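Colleague: Hi! Could you walk me through a few helices in this one?
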Amino acid sequence: MTRRAVITGVGHYLPERVVENAEFEATLETSDEWIRSRSGIERRHFAAEGETTSDLATYAAKAALADAGCEANGVDAIVLATSTADLTFPSAATMVQAALGMTRGFAFDVQAVCAGFVFALSNANALILSGQAKRVLVIGAETFSRIMDWSDRSTCVLFGDGAGAVVLEAQEGQGDSDDRGILSTDLNSDGRYKDLLYVDGGVSTQNTGFLRMQGNQVFRHAVEKLASTANTALDRAGLTAPEVDWIVPHQANIRIIQGTAKKMGLSMDKVVVTVQDHGNTSAASIPLALSVGKQRGQIKRGDLIVAEAIGGGLAWGSVVLRW
């Protein structure tokens with residue numbers, strides 16, 4: 001028998017405020033058609049004043065726990081992926097721990113920007129495989145609306161706020177690719193590409209800063225690196241792209257999603273797409289898409305899923321799992 005980390009619950013949360021593309025026309029030289037044609041985005045959600053990343057994460061966590069039929073104190077650890085934590089410290093994960101009434105275990109944040117959830121899921125998998133935890137709550141949550149330059153039409157129309165979460169639980173498998181749970185992971189980063197996507201401020205510079213991106217360069221790296229990491233993870237699991245039931249990608253841009261699927265030789269019919277309704281929610285986008293995909297009836301028990309993402313760093317990676 002082989003220990004596997006299996007997703008037993010999933011949930012998400014979106015702030016109440018919905019911002020349609022047309023809302024930007026009053027302040028920017030842009031249009032609904034311009035935004036849709038370049039990104040596939042039609043609308044996104046923005047957090048309310050005073051609504052923080054840990055708030056969003058807590059709502060998503062409660063939904064995932066309910067889906068798993070699990071109480072907060074049945075969780076051994078929380079791993080929260082975010083680049084927009086409430087405070088410099090403590091971690092947003094510990095704030096979620098307190099909000100859930102969880103009085104045991106441990107909690108920490110992971111920061112890998114849009115690839116954050118893949119990194120968090122890989123770390124949670126390692127905790128389970130090593131025996132340090134039996135049940136881990138893995139969350140991606142962001143309030144990117146707080147780091148937007150509202151005069152930069154090339155970036156501010158692309159991002160939204162939201163949160164998604166999964167409950168990852170230790171179960172026994174046979175040790176082959178038919179097992180439920182995480183079958184393989186692949187993580188990468190290359191700091192030489194920092195200037196392609198970053199925030200021009202931080203704690204040691206004493207300046208909050210705004211998101212800056214060289215969109216064309218990010219696009220060029222994204223398709224190549226996402227297809228490569230997905231294929232690497234599949235190979236590690238002894239699987240091939242035609243065996244995949246669903247790609248659940250980071251929801252950054254419909255053209256990146258389409259390009260990656262094409263490079264992998266897969267139809268868009270095998271891709272869970274939510275970018276049109278949520279925009280780029282960074283580390284929240286994959287768990288959010290998993291939750292929506294399950295709600296839609298797309299993702300079913302036993303399905304083979306590849307989740308892949310790329311973000312600032314550059315950091316990128318993928319996870320192959322059976323639902």
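Colleague: Which residues of H8 are buried?
Modeller: In helix H8, the buried residues are Ser285, Ile286, Pro287, Leu288, Ala289, Leu290, Ser291, Val292 and Gly293. Buried means under 20% relative accessible area, taken with a 1.4 Å probe and protein chains only. Helices are DSSP runs of H or I with at least four residues, numbered from the N terminus.
Colleague: And where does the number come from, is this a predicted model or something else?
Modeller: This is a predicted model, where local features need pLDDT of at least 70, side-chain atom pairs count only at pLDDT 80 or more, and totals for chains, interfaces and linings use all residues. Residues are numbered from 1 along each chain as its sequence is written, and side-chain values use heavy atoms, leaving out hydrogens and water.
Colleague: New topic: what about Ile257, buried or exposed?
Modeller: Ile257 is buried, at 4% relative accessible area. Ile257 sits in helix H6.
Colleague: Which residues does Ile257 touch?
Modeller: Leaving aside residues up to four places away in sequence, Ile257 touches Pro249, His250, Gln251, Met268, Val271, Val273 and Val275. Touching here means heavy atoms within 4.5 Å.
Colleague: How far is the C-alpha of Ile257 from that of Ala222?
Modeller: Those two C-alpha atoms are separated by 9.2 Å, while Ile257 and Ala222 are 35 residues apart along the chain.

Note on methods. Buried means under 20% relative accessible area, exposed over 50%, partly exposed in between (1.4 Å probe, protein chains only). Helices (H or I, at least four residues) and strands (E, at least two) are DSSP runs, numbered from the N terminus.
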